[in-house]
Amino acid sequence: NSWRLHNECINMIANLWNCPAPEDKDNTQFSGAGTVGSTEACLLAGLAFKKRWEAWFTQRHKKAPGLIGKRPNLIISTLYQAAW
């Protein structure tokens, strides 16, 4: 039953952040990953942000996917965690 709690948490966070609804209209579940620590959460959020930015940039500038040399302007403070 832990997967139910996991899915409920993912849906709560997705709704809190006003995430776009899943494309599958029959499915009300958002996809997501649970993490143990804040570092993993920061890294996954950064990857998700980059993918959404790439889709937005491609659509806005009508470019083909595979934007070599184009990156979002992401500013991260010194408090951002990344432990390798």
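**Exercise 1. Describe the pairing of glutamate 54 with lysine 51, and say how exposed each residue is.**

Glutamate 54 forms a salt bridge with lysine 51, and the closest N and O atoms of the pair are 3.8 Å apart. The structure is a predicted model, in which local features need pLDDT of at least 70 and side-chain atom pairs count only at pLDDT 80 or more, while totals for chains, interfaces and linings use all residues. Residues are numbered from 1 along each chain as its sequence is written, and side-chain values use heavy atoms, with hydrogens and water left out.

Begin with the rule: a salt bridge is a side-chain nitrogen of Lys or Arg within 4 Å of a carboxyl oxygen of Asp or Glu. By this rule the count comes to one salt bridge. Side chains of opposite charge can pair when their charged atoms come close.

Helices here are DSSP runs (H or I, at least four residues), numbered from the N terminus.

Finally, consider accessibility, where buried means under 20% relative accessible area, exposed over 50%, and partly exposed in between, with a 1.4 Å probe and protein chains only. Glutamate 54 has 22% relative accessibility and so counts as partly exposed, whereas lysine 51, at 57%, counts as exposed.

**Exercise 2. Determine where asparagine 11 lies, whether it is buried or exposed, and what it touches.**

Asparagine 11 has its place in helix H1. Its relative accessible area is 12%, and therefore asparagine 11 is buried. For its contacts (heavy atoms within 4.5 Å), set aside the neighbours within four places in sequence; asparagine 11 is then in contact with Thr28, Gln29 and Phe30.

**Exercise 3. Work out what makes up the lining of the largest pocket.**

Start with the term: on a 1 Å grid over the protein atoms alone, a pocket is an open set of points where a 1.4 Å probe fits, with protein on both sides within 12 Å along at least five of seven lines, and lining residues have an atom within 4 Å of a point.

About 980 Å³ of space lies in the largest pocket. Of the 22 residues that line the largest pocket, Ile13, Cys19, Ser31, Gly32 and Ala48 are the closest to its centre. The elements giving two or more residues to this lining are helix H1 (2–16) and helix H2 (38–61), and H2 supplies the largest share, six residues. By residue kind, the lining divides into 16 nonpolar, four polar and two charged.

How values were computed
Points joined across faces, edges and corners; volume = space filled by probe spheres on them. Nonpolar A, V, L, I, M, F, W, Y, C, P; charged D, E, K, R; others polar.
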